[in-house]
Amino acid sequence: MLVIQAASQPQKPRRRPRLGLAVAGGGPIGGMYELGALRAIEEAVTGLEPTELDVYVGVSSGAFIVAGLANRLDTVEMCRIFLTGESHQARFRPDIFVQPALGEYLRRALRAPRVLLEWMAAVATNPLGQSLTDNLIRLGALVPTGLFDNAAIEAFLREIFSHGGRSNDFRALARKLYVVAVELDTGKAVRFGAPGHDDVPISRAIQASSALPGLYPPVSIGDKLYVDGALQRTLHASVALDEGADLVIGINPLVPFDARRAQANGQAEVGSLIEGGLPAVLSQTFRTLLQSRMQASLSKYARHYEKSDVVLFEPNPDDVQMFFTNVFSYDNRLQVAEHAYRSTLNDLRRQRAELEPVLARHGLALDDALLADSGRGLRDGLHQPPARPTPATQRLRRALDELEGLVAADAAPARGRARQARKIKS
């Protein structure tokens, strides 16, 4: 499903328009959907270079994607890393997402004697005043805040962003990157990468942004605890709009499922979602809340950013595969990415008449030949992986990385002096 919110007061085309990308969360499978959709967008929109945009905003699993792009890790290489396993730059193991949070289990177990003593004291003091719910809440302090440990995820990302000319430092990137998380004790959204929050390693910020309560424990940064950024807003595209983006491309993998529409279109005989039990009901509830906030945000963008265009890619409401695939499983990741790729191309074909004028304002266009190829799939655009690096090429890469770092360090003071000179002249 393609949602196009054209600017109500479009400004004159700039020589170089500012382009932004905002990618929402959605668990591991949501991230794979986003990667497949983004690959389709890159191939179908001529003039769009995902690694050369002006501002990137990521939430939860979406933060994985945008941080890679901001670090010049293109969509082809990310597909090789996360989907096909053909990359020589990183070896991705899905099991790192489901490592038991043994440290959290131990911390809660160590609290048990104190909690039980407090409960016994309360019962002794007021034996008739202890209700079942009071006791459950008291004993709830012993329940771990997350089932799985996300430290291995952070280590994996830290390794990727620490070689190949990439950086794990927001301040060292050539383009703006924001990773959004929520501070647990205040409920406020925090933009890692913004001044005051740009000294946090990118990998650590992503770990915080993807710490979905119940699955992963809150992440400690400084003296604060952080959880999944999707708890505050769905997409946080306003972060890119606040940076002056003329066009923001958004990707959101989770939408409510319309069972009646699916049946009417012959997609599946799913019946009522109640038949799926509590997991299906909770999934639909969560998706509906996300969609409600998304619609409210789009309304706000139309009022407050009337000179900017927003183009949002989402699954269709009758998308059976995206609703009934376990969002925390990696077994079907390639199939989901392929599905997203083909669905996104179909959306572009269906709505090209509405989309083309919006893209043209920003020097972009649709690729007629690619859209005419109805049989094209995700793998068709993944060229043969480069040869495995030899010790010599690895030494050369390290030398180039060091040289790039020295050049960047020398250029930073010069850029600062140039900005100061411009301020004085103005």
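**Close-up 1. Asp309 and its salt bridge to Arg361 in the predicted model.** Asp309 is buried, because its relative accessible area is 1%, below the 20% limit for that class. Its side chain meets that of Arg361 in a salt bridge, with 2.7 Å from N to O. The pair joins distant parts of the chain, 52 residues apart: Asp309 lies in strand 12, and Arg361 lies in the loop between helix 13 (352-360) and strand 13 (365-366). Arg361 has a relative accessible area of 25% and is therefore partly exposed.

**Close-up 2. Asp319 in the loop between strand 12 and helix 11.** Strand 12 covers 309-313 and helix 11 covers 320-324, with Asp319 in the loop between them. Asp319 has a relative accessible area of 9%, so this residue is buried. Asp258 is 61 residues away from Asp319 in sequence, while the C-alpha atoms of the two are 8.3 Å apart in space.

**Close-up 3. The salt bridge of Glu42 and Arg39 in helix 1.** The structure holds 20 salt bridges, and one of them is formed by the side chains of Glu42 and Arg39, at 3.1 Å from N to O. About one helical turn separates Glu42 from Arg39, because they are three residues apart in helix 1 (residues 27-44). Both residues, Glu42 and Arg39, are buried. A network of salt bridges links Arg39 and Glu42 with Glu43 and Arg376.

**Close-up 4. The salt bridge of Lys224 and Asp223.** The side chains of Lys224 and Asp223 meet at 3.4 Å, N to O. Lys224 counts as partly exposed, because its relative accessibility is 32%. Asp223 is exposed, with a relative accessible area of 70%.

**Close-up 5. A nonpolar surface patch that includes Leu278.** The patch is formed by Ile274, Leu278, Val281 and Leu282, which together have about 390 Å² of accessible area. Leu278 belongs to helix 10 (residues 277-304). With a relative accessibility of 57%, Leu278 counts as exposed, since the class begins over 50%.

**Close-up 6. The packing of helix 4 against helix 5.** A packed pair of helices is described by the angle between the axes and by the distance between them. Helix 4 (residues 102-125) and helix 5 (residues 132-139) pack at an angle of about 155°, and their axes are 10 Å apart. Helix 4 is therefore roughly antiparallel to helix 5, as angles over 145 degrees fall in that class. The crossing of helix 4 past helix 5 is right-handed.

How values were computed
Residues numbered from 1 in each chain as written. Predicted model: local features only at pLDDT ≥ 70, side-chain atom pairs only at ≥ 80, totals over all residues. Heavy atoms only, no water. Patch = residues over 30% accessible without salt bridge, like charges linked within 9 Å, V, L, I, M, F, W, Y side chains within 5 Å. Areas by Shrake-Rupley, 256 points an atom, 1.4 Å probe, with all protein chains shown as cover. Salt bridge = Lys/Arg side-chain N within 4 Å of Asp/Glu carboxyl O. Helix = DSSP H or I, 4+ residues; strand = E, 2+ residues; numbered from the N terminus. Buried < 20%, exposed > 50% of the residue type's maximum accessible area, 1.4 Å probe, protein only. Axes fitted to C-alpha atoms, helices over the stretch in contact; angles between N-to-C directions. Parallel < 35°, antiparallel > 145°, perpendicular 65-115°, else oblique. Left-handed = near helix turned anticlockwise from the far one by under 90°.
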